[in-house]
Amino acid sequence: MPQTAQTLDAAAVRSWCVRALDALGREREEIDAINVYPIADGDTGTNLYLTVESAARAVEAVFTEDDPDVGDDPDAGDAIRAMAHGALIGARGNSGTILSQLLRGMASVLADGRDGDHLARSLAAAARAAREAVAHPVEGTILSVATAAADACDSGGSLVMVARGAYEGARTALEATPGQLAVLERAGVVDAGGRGLVAVLGALVEVVSGEAQVRPTGVAHRPIVAEACEPEDGPAGPAGPAGPAFEVIYLLEAEDAAVERLRARLDALGDSLVVVGGDGLWNVHVHVDDAGAAVEAGVEAGRPYRIRITHFSGVTETRERMQRAVVAVVPGEGLAGLCAEAGATTVLARPGEPPAGNELLDAIRRAHAREVVLLPNDTDLRHTAGAAAEQARAEGIRVALIPTRAAVQGIAALAVHEPDRRFDEDVVAMTAAAGATRYAELAVAERQSFTSAGVCQAGDILGLIEGDVAVIGQDLTTTARTVLDRMLSAGGELVTLIVADETPPSLATALERHVRETYLAVDTATYCGGVGAPPLLIGVE
């Protein structure tokens, strides 16, 4: 007889995460294949997997950080809160964001008790929290499955009885989703997010009962019909090929009142709006046409970071991969919006927080293309980007890594990108454009240091050309002008200026006037780097 659990202790939470991750790993491709709503972009299974993977890492960290001399498992409440927090900071996509709020809702109750009654109440709290997080809830989605799971619980039952009731209720609700949502019925599939939630609940039953669950049949394997299926309204409005062009996701540090204002603004900008979290940390997900405006709204509300912008140009009615995409690492929110509007999938690199290899690999996967051009835009990311490219190639994606060393080189490469020409020709053209762009950067010295241009003091303005300190000054405009003159002494046809939000607007105006008056044949283009970008980036082509 399998041993059943009476309470959900820390070890059980850890096992739940491991089993849920394993279940989603097995079913990821099938869930991706039935993803037709709210956007038919074929990534729901992948997004749910990455969300639970982040939760599992957070729980594992609780065990790792526990005092090994004590020998006992960590506190169950700590493990449950870590699971919810990990899901929040690692949430991907619409369904992953909602799942993170479901886990957060469960954690709010399970932190105080972990028997059958608390589990039943936690599932009810989770369903309510998820619906409150979605701007415009729609039936036939993961929300319906979560509500049914909570309603099917026996609040007076044992932990195993409650878990089984929730699982069976979720399975029944999943079968009903095609009758609730026309786009699912036309495609002949169940809701992808709902199926993922069933897998997570099935893993919970396995942990508390010690029995493996029978994988759903019929429902889980309904074929996608050959005829085109058009996604209709997402949780916050129309979606699909005629819907918004971008998915914008970011973590946000902000107060509750600011988040309420942000919800209203983003709801007016786009659809599929989901804002989850609390206690000063939020995860924001929205589909919009103006990615820059969505990020700016976050800046006004608080401090957005880990910003991910995905272009939906590759989403087709049959959910096939687009032929080619560009993935670019950028050092500021403004550049993220600029590159996304040019069709690139972006990865944000904040000062002192370069993206890890798994973030680059995740971006390559999110691009959902057969061919990907990767622009690291940083010399220090060369090896990290190379490893991510190799992993993506092992997964069957053709990846070309262009060794761009600065954001201005990436912009130059993106400017000549033509997805309709042969892959090799496109890569050659983009590489040539990047290589023809000399780059420079202005930074502020943090401490006294020896540089290639002499000794600098804390607070000095450093002008770096091709990565080496070439000018040390005290004034931002004067130093920038000196750097620009040195670069243009070797010739040039176009100067690109990328100015951070924190940089005085007068700097760009002064440099534009200097170029116009001194170098008559040179054009100037100025872009906003946004929050987090270096004070000034300069490119000369």
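The legends below accompany close-up views of a predicted model.

**View 1. Helix α1 and its bend at Glu27.** Helix α1 covers residues 10-33, and its end C-alpha atoms lie 34 Å apart, which agrees with the 34 Å that its 24 residues should span at 1.5 Å a residue. Along the way, α1 bends by about 55 degrees at Glu27, and Glu27 itself is one of the buried residues of this helix. The elements against which the buried residues of α1 pack are α2, α3, α4 and α9, where α3 is residues 76-90 and α4 is residues 93-110.

**View 2. The packing of α1 with α9.** Two packed helices are described by the angle between their axes and the distance between the axes. Here α1 packs with helix α9, residues 192-209, at an angle of about 145 degrees, and the two axes are 8 Å apart; the crossing is right-handed. On the side of α1, the residues that meet α9 are Ala12, Ser15, Trp16, Arg19, Ala20, Ala23, Leu24, Glu27, Glu30 and Ile31, while α9 contributes Ala192, Arg195, Gly196, Ala199, Val200, Ala203, Leu204, Glu206 and Val207. Taken by type, the residues of this contact divide into 12 nonpolar, 2 polar and 5 charged.

**View 3. The loop from α1 to α2, and Thr46 beyond it.** In the loop between α1 and α2 lies Pro38, which is joined to Tyr37 by a cis peptide bond with omega at about 0 degrees. Thr46 is placed in helix α2, which is made up of residues 44-65. The relative accessibility of Thr46 is 12%, and because buried means under 20%, Thr46 counts as buried.

**View 4. The covered helix α3.** Of the 15 residues of α3, 11 are buried, and the helix is thus described as mostly covered. These buried residues are Ala76, Gly77, Ala79, Ile80, Ala82, Met83, Ala84, Gly86, Ala87, Leu88 and Gly90. What covers them includes the helices α1, α2 and α4, together with the strands β3 (246-253), β4 and β5 (281-288). The end C-alpha atoms of α3 are 21 Å apart, in agreement with the 21 Å that its 15 residues should span.

View 5. Ser272 is buried, with a relative accessible area of 0%.

**View 6. The bend in helix α7.** Helix α7, residues 159-180, has end C-alpha atoms 31 Å apart, which agrees with the 32 Å that its 22 residues should span at 1.5 Å a residue. The helix bends by about 30 degrees at Leu174, and a proline, Pro178, follows within four residues.

**View 7. Glu341 in helix α12.** Glu341 belongs to helix α12, which is residues 333-341, and with a relative accessible area of 47% Glu341 is partly exposed. Not counting residues up to four places away in sequence, Glu341 touches Phe246, Asp290, Ala291 and Gly292. From C-alpha to C-alpha, Glu341 is 23 Å in space from Glu425, a residue 84 places away in sequence.

View 8. Asn377 is found in the loop between β9 (369-375) and α14, where it has a positive phi of about 55 degrees although it is not a glycine; with 10% relative accessibility, Asn377 counts as buried. Ile397 is found in the loop between α14 (382-394) and β10 (398-401), and it is buried with a relative accessible area of 7%. Not counting residues up to four places away in sequence, Ile397 touches Ile364, Ala369, Arg370, Val372 and Ala392. As for Arg370, its C-alpha is 5.3 Å from that of Ile397, while the two are 27 residues apart in sequence.

Definitions and conventions. Residues numbered from 1 in each chain as written. Predicted model: local features only at pLDDT ≥ 70, side-chain atom pairs only at ≥ 80, totals over all residues. Heavy atoms only, no water. Axes fitted to C-alpha atoms, helices over the stretch in contact; angles between N-to-C directions. Helix = DSSP H or I, 4+ residues; strand = E, 2+ residues; numbered from the N terminus. Left-handed = near helix turned anticlockwise from the far one by under 90°. Contact = heavy atoms within 4.5 Å. Nonpolar A, V, L, I, M, F, W, Y, C, P; charged D, E, K, R; others polar. Buried < 20%, exposed > 50% of the residue type's maximum accessible area, 1.4 Å probe, protein only. Expected span 1.5 Å × (residues − 1). Bend = angle between axes of the 7 residues up to and from the residue.
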